[in-house]
Amino acid sequence: MEALDLVIHTLPAMAKGAALTLKFAVSSMVFGLMAGLVIAIMRISHNRLAAGVAQGYVSLMRGTPLLVQMFVVYYGFPDLGISLDPTTAGIFTLTINAAAYLSESMRGAILGIGRGQWAAAHSLGLTHLQTLRHVVCPQALRLAVPSLGNTLISLIKDTSLVSVITVTELLRSTQEVIAATFQPLPLYLTAAAIYWLLSTVLTRLQVRVETRLALPSVH
Amino acid sequence: MKRFNPKFKQGLAAALLCVAATSSHAADLLDTVKQAGVLRIALEGTYPPFDYRNGEGQLDGFDVDVAKAVAARLGVKPQFVTTEWSGIIAGLQAGKFDVIVNQVAITPARRQALDFSQPYVYSSAQLLQRENDSRAFKSLDDLKGKKVGVTMGSNYVDLVKTVPAIDLQVYPGTPENLRDLAAGRIDAAVNDRLMLGYLIRNSHLPLRPGSVVPGGDDQMGIPFRKGNPKFAKAIDDAIESMKQDGTLKKISMQWFGADTSKPVTQ
């Protein structure tokens with residue numbers, strides 16, 4: 001029961017860390033979804049330049065480690081005269097990274113909507129953007145949710161990397177206690193349980209969204 | 001002792017890619033610090049008894065006390081920033097903080113990138129063994145063919161590598177390293193002489209100190225960005241005066257029961 005006492009004693013410190021983790025995760029989810037949508041639309045547009053820029057962006061963001069991106073934004077940008085505080089730098093990096101993955105899920109879903117929908121919308125006189133907004137995207141969202149959920153759950157755990165830019169989030173606050181108590185296993189397990197809890201809450205939300213978006217005819 | 005790890009190198013390489021070398025601060029760090037009235041001090045916060053969070057969640061430890069004393073001599077307030085070792089030197093170079101007080105060993109390689117204060121701690125590497133293990137390893141040569149554990153990024157990795165016949169095991173942290181030693185999966189661990197008493201007392205593991213490793217001497221200093229001659233003079237004077245009036249010895253006796261402010265004479 002010694003381990004249990006330790007965990008209970010440690011919970012306030014870890015709760016503080018978990019609150020920070022949640023702050024980073026939720027902010028970068030919201031911004032990431034917005035940025036992801038913009039990138040997905042650029043990627044499928046007929047404008048070669050926009051599509052090329054989006055493609056290059058996705059390639060760069062998915063092809064380099066998040067840790068390196070974090071380093072460059074926080075420690076490298078000051079040399080270009082851009083000095084961000086740890087919170088801004090962390091949320092910014094997580095956002096630009098997640099946006100690349102999210103945009104690919106969205107692109108796949110948009111492409112999954114039949115050409116007939118586009119043709120029908122155009123024949124009704126809707127412009128390209130109107131078709132996206134009112135016809136294609138609402139249907140694509142239903143297809144995209146499971147895959148978006150995947151990325152967002154990964155994002156919760158990716159937040160642990162902000163510890164390299166001086167943020168004492170959940171995992172780092174756990175390590176601080178481990179360093180002082182020499183009890184890695186119970187404390188890491190507790191941290192894991194908290195991450196799992198956060199992911200479970202997100203999964204529940206995802207199920208609710210899916211239910212809302214489901215077609216009445218689908219059971 | 002202390003520490004360069006692969007994550008750090010990876011990140012540093014990336015940071016350097018977008019750095020156009022020389023930075024723009026023309027003013028000496030001393031002027032900047034005095035003007036702000038604050039010395040920004042980086043440490044890990046996970047490195048007891050040097051710097052760690054105590055039961056109340058406050059930063060505590062030998063390096064914390066030293067840093068506070070240094071800031072006081074400079075006539076400014078200390079402001080602590082905790083960060084992972086892997087980002088700590090990049091953060092110093094990017095100007096996120098002014099100094100690191102975290103048992104940074106003075107090495108020729110680091111001197112090329114950073115300036116150091118005069119040493120404020122003299123220490124050396126020492127072995128740890130299981131309490132019931134009566135083998136007496138006198139030096140690294142005695143450990144040929146044996147398994148020796150060290151913490152990732154510590155300069156003991158390089159020290160142990162000088163004897164290639166040793167089976168080196170690298171651990172993410174000291175607690176994991178010591179647990180494996182107690183469990184009998186490795187023959188010995190190498191750590192900072194100053195940490196041994198603390199580690200054995202607080203880990204509640206059946207361990208005992210082994211021999212001091214010959215050739216494993218270390219001098220710890222306070223690093224800061226290059227090109228700040230006024231700051232260099234000020235911090236050296238601060239440490240010198242702390243040595244002269246016994247402040248440094250007092251802090252050292254309090255944490256280690258020994259005077260670490262002078263080279264070991266054995």
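Is the crossing of H4(A) and H6(A) right-handed or left-handed? The crossing of these two helices, H4(A) and H6(A), is right-handed. Keep in mind as you look around that this is a predicted model. The notes below start with the helices of chain A, then turn to the cores and to a few spots in chain B.

**Helix packing in chain A**

- Start with helix H4 (residues 86-111) and helix H6 (residues 128-158) of chain A, which pack with their axes 8 Å apart, at an angle of about 140 degrees.
- An angle over 145 degrees would count as roughly antiparallel, but H4(A) and H6(A) pack at about 140 degrees and are therefore oblique to each other.
- On the H4(A) side, the residues that meet H6(A) include A:Leu94, A:Ala98, A:Tyr101 and A:Leu102. Among their counterparts in H6(A) are A:Leu132, A:Val136, A:Cys137 and A:Ala140.
- H6(A) also packs with helix H8 (residues 184-213) of chain A, at an angle of about 170 degrees and with the axes 10 Å apart. That angle makes H6(A) and H8(A) roughly antiparallel.
- Where H6(A) and H8(A) meet, H6(A) brings residues including A:Leu141, A:Arg142, A:Val145 and A:Pro146. From H8(A) come, among others, A:Tyr195, A:Leu198, A:Ser199 and A:Leu202.
- A:Leu152 is one to look for in both places: it is among the H6(A) residues that meet H4(A), and among those that meet H8(A).

**Nonpolar cores**

- In soluble globular proteins, nonpolar side chains tend to be buried together.
- The largest nonpolar core here has 49 residues, and the ones touching the most other members are B:Leu39, B:Phe62, B:Val99, B:Tyr120, B:Leu128 and B:Phe231.
- Helix H3 (residues 62-74) of chain B gives this core its largest share, seven residues.
- Apart from that core lies another, of 45 residues, including A:Met70, A:Ile113, A:Ala144 and A:Leu152.
- Back in chain B, take B:Leu39: beyond its neighbours within four places in sequence, its contacts include B:Val33, B:Ala71, B:Leu74, B:Val99 and B:Phe231.

**Chain B overall**

- Chain B has 10 helices and 14 strands.
- It runs to 266 residues, of which 55% count as buried.
- Looking at chain B contacts between residues at least 6 apart in sequence, 73% join residues at least 24 apart.

**A sheet in chain B**

- Strand S3 (residues 51-53) of chain B is joined to S4(B) by two bridges, and B:Arg53 stands opposite B:Leu59 in S4(B).

- B:Gln118 sits in the loop between strand S8 (115-116) and strand S9 (121-130) of chain B. B:Gln118 is buried, at a relative accessible area of 18%.
- Setting aside neighbours within four places in sequence, B:Gln118 touches B:Met220, B:Gly221, B:Asp236, B:Ile239, B:Glu240 and B:Lys243.
- B:Ala182 belongs to helix H7 (residues 174-182) of chain B. With a relative accessible area of 22%, B:Ala182 is partly exposed.
- B:Ala182 and B:Gln129 are 53 residues apart along the chain, and their C-alpha atoms are separated by 8.1 Å.
- Again leaving out neighbours within four places in sequence, B:Ala182 is in contact with B:Arg130, B:Leu205, B:Pro206 and B:Leu207.

Technical notes
Residues numbered from 1 in each chain as written. Chains lettered and ligands numbered in written order. Predicted model: local features only at pLDDT ≥ 70, side-chain atom pairs only at ≥ 80, totals over all residues. Heavy atoms only, no water. Pairing = 2+ DSSP bridges. Helix = DSSP H or I, 4+ residues; strand = E, 2+ residues; numbered from the N terminus. Core = buried A, V, L, I, M, F, W, Y, C linked by side-chain atoms within 4.5 Å. Buried < 20%, exposed > 50% of the residue type's maximum accessible area, 1.4 Å probe, protein only. Contact = heavy atoms within 4.5 Å. Axes fitted to C-alpha atoms, helices over the stretch in contact; angles between N-to-C directions. Parallel < 35°, antiparallel > 145°, perpendicular 65-115°, else oblique. Left-handed = near helix turned anticlockwise from the far one by under 90°.
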